[in-house]
Amino acid sequence: MASKTTALSARNRTLIVVESPSKAKTINKYLGDRYTVFASVGHIKDLPKREIGLDFDHHYEPRYEIISGKEKVVRQLKKLAGEADSVMIATDPDREGEAIAWHIANEIDPHGKPVYRVLFNEITKNAILAAIDEPRQIDYRLVRSQQTRQGLDKIVGYKISPFLWNVVLRGLSAGRVQSVALRLICEREEEINRFEVQEYWTISADFITGSGDSFRAKLVKHNGGKPELASQEQTEAIAALAGLQLYAIDDIATKTQLRKSPLPFTTSLLQQASSNQLGFGSQKTMRVAQQLYEGIELGNEGAAGLITYMRTDSTRIGSEAVSEAHGYIRSVFGSEYTGYGSSAKSSKKNAQDAHEAIRPTSITRTPESLRHFLSNDQFRLYELIWKRFLAAMMAPAKIEQTKVDVADHEKQFVFRANGSRVLFPGFMKVYDDQKELDYEARSSTKDEDPEKELAVRLPDNIAVQDRLNLAGMEQKQSFTRPPARYSEATLVKDLDNYGIGRPSTYASIFSTLQDRRYVELQKKKIIPTELGMDVSQILVANFPDIFNVRFTAFMEDELDKVAAGEDEYEKVLDGFYRPLETALCLRKNDPIIPQNSQAEICDKCGEGHMIIKWTASGKFLGCSRYPSCKNIKPISSTKAKPKETGIKCPTCNEGQMLLRDGRLGPFLACSGYPKCNTLLNLSKQRHIEPLKTPPVQTDLPCPKCGAPLYLRSGKRGLWLGCSKFPKCRGRLAWNSLDPAVQQHWEAVMAEHRNAHPDVVLCMTDGSPVSMNLPVEDIITRAEDTGLIAPVTEENAGITA
């Protein structure tokens, strides 16, 4: 296997280098003995972690170093390259992959062997053999574009983050793209807070035809204009007058509409659809898609790549894939269902490289035929991609839409009913998620499930001037809704629409904001934390020309120009850095802090102002003349009371776990504290993390401080760490122990696990807790089943 590097030899062979072991395994299946496939496991070199790594005196040239822990991989690469006749680097077909290829080529260059770059958009036998037959040189323009992006991000991180340390709190950080995404989230939250709810009413009427058929219509005109229904009194008055009239059909308008087949998935569309339809976060979507791309074991067939490359903003489809899809459609549905794929031919102007849209590598591999080879997540995502691609290759649907207007004799009141029927289903035979298609068609992300005029079933054989009987009327009260908070899907949609970020960065943007505790995900909605709101306000106030949507989109276009050879690395970095340095010099000693714009005079010294100051545990008011004046005051907190979850404490079995907010984020704690101090952590997705088995104290000394080592069980097996952690971070490699010693401690750990079995969490009614749900969904279910009382404004309360 390719991943077992110690057994590899490339003597008298061609060495092929890829990023991942699973990709190497799949490729190895299609190649003969003349090739050796080796996995670099991602990047082997990077900019230094603890410094900016750019030489500002010499054209911003980056200084790379081998990533810690990759020394063995580099040695193996050099050994295999020395043995091989030639080297082909087959890293991913994007700028990141090109940069990895460039670093690998530089490391093995001293051997003087020919080094080629090969690209394939899918991991199938034909694609791999075709790529090997057409090798090319590494495209330094793509490498330079990746270096430019990395350089821009480093400049922001290392120049603006210290500004935040001085103004707000040490340890905070800023990001070129993430901070703009945070601004979008915070500005949406401010819109929500400013929103004023307005009442409105609608009137609907049920009409009966002469043959006894009925249908419902909505009042759309009153006295020639839109009805004014702002209050119950107005509505009742108009409804009373309308109820006295005699009605007939005034107009019938019928038209046939072609509903176009959807575009195949780009990265952005896939992440949005996966979030909306499957409930997957962006990172989970890309992780599962990577597995489908790199290859899945298919029994006797071996490993095979099931989808094309999943980081793309192109909707182009290759002619062979179109031809295969059309053949499948003709055989399964009939020739009339075959589309032309016209909607899939257009690409965005900034679409990277020559990628195709995301599609199955073979349309004949139906989801059902692969079900027993795939995990549940893999199956659901593959089915979504397969159906979407097939639908994109099918004919449009034909929909007949009918509008019926009902009016009184003087047309004082006009009611309207809309009906539709499918004349030809076309692509809807496969992909009939109209809610998702409507979502994609909407340009605004502020309207969450906007109210649509529902189509009604209209009676057959109705005609203009047919008299109708009024059977009844309904008056409905509604309220305007504030803009919707961002979800992961709508955030990706806006970033994509604004031209911010690229396919390789979408998934990391939200997770980075979560890691920095600038935002939280609650009931699948992104909510900025108080810290996130403060940081965003300060960044925008001090650097308005840098942290704005237009400038960030402009810089993305500049990166595309570098990749196309239309702009230069140094010119782009210089054009960004010099204005930033000017702004930093201006604001370094005179920062704008919007939160302190209306600070009150210190009531102790009478000279300073009581300004907001931040600490790791919150913020307070302190005199601006500190340390001359040490006057401080607390700021009342609006932190919500702990929430009941309905989860029984697994330790004391008496209390229930409460959802609390701590300095490091939300967590669950027993209501019986301090008698019971059980805590449960939450993951980034706010899933409950299971209780860990306590460590075993050994008699093995720590190699650093001599204290006893703890034996723990991790994802990769047993490992040894110092019992004095975090004061001492000493570790002892498990492989350094004699086999007999390993066997002894393995037996001890097995006995320890039996004594400490995995804890199964239960609700207070004894039902098991679903560990793959966010804690807010668990709370909602507990409220729905009556285990806990729903949280209202009255019982939510605040703590000071």
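This report describes a pocket, a helix, a sheet and a hairpin in a predicted model.

## Basis of the model

Residues are numbered from 1 along each chain as its sequence is written, and side-chain values use heavy atoms, without hydrogens and water. Because the model is predicted, local features need pLDDT of at least 70 and side-chain atom pairs count only at pLDDT 80 or more, while totals for chains, interfaces and linings use all residues.

## The second largest pocket

The second largest pocket holds about 1400 Å³ of space. Its lining consists of 49 residues, and the closest to its centre are Asp46, Glu96, Gln146, Gln150 and Asp153. A pocket is an open set of points on a 1 Å grid over the protein atoms alone where a 1.4 Å probe fits, with protein on both sides within 12 Å along at least five of seven lines; lining residues have an atom within 4 Å of a point. The volume is the space filled by probe spheres set on the points.

At least two lining residues come from each of β3 (45-46), α3 (95-108), α5 (140-167), α9 (282-294) and α15 (506-515). The largest contribution is that of α5, with eleven residues. Helices (H or I, at least four residues) and strands (E, at least two) are DSSP runs, numbered from the N terminus. By class, the lining has 13 nonpolar, 20 polar and 16 charged residues; here Asp, Glu, Lys and Arg count as charged, and Gly is among the polar residues.

## Helix α3

Helix α3 has 14 residues and spans 20 Å from its first C-alpha to its last, close to the 20 Å expected at 1.5 Å a residue. The expected span is 1.5 Å times one less than the number of residues.

Twelve of the 14 residues of α3 are buried, so this helix is largely enclosed by the rest of the structure. Buried means under 20% relative accessible area, with a 1.4 Å probe and protein chains only. Among the buried residues are Arg95, Trp102, His103 and Ile108.

## Strand pairing

Strands of a sheet pair through backbone hydrogen bonds, either parallel or antiparallel. Two strands pair if DSSP finds at least two bridges between them. Strand β7 (residues 86-89) is joined to β8 over three bridges, and Met88 stands opposite Tyr116 in β8.

Antiparallel pairing over four bridges links β17 (residues 519-522) with β18 (residues 525-528). Glu520 stands opposite Ile527 in β18. This hairpin has two residues between the strands, and Lys523 takes a positive phi near 50°.

How values were computed. Buried < 20%, exposed > 50% of the residue type's maximum accessible area, 1.4 Å probe, protein only.
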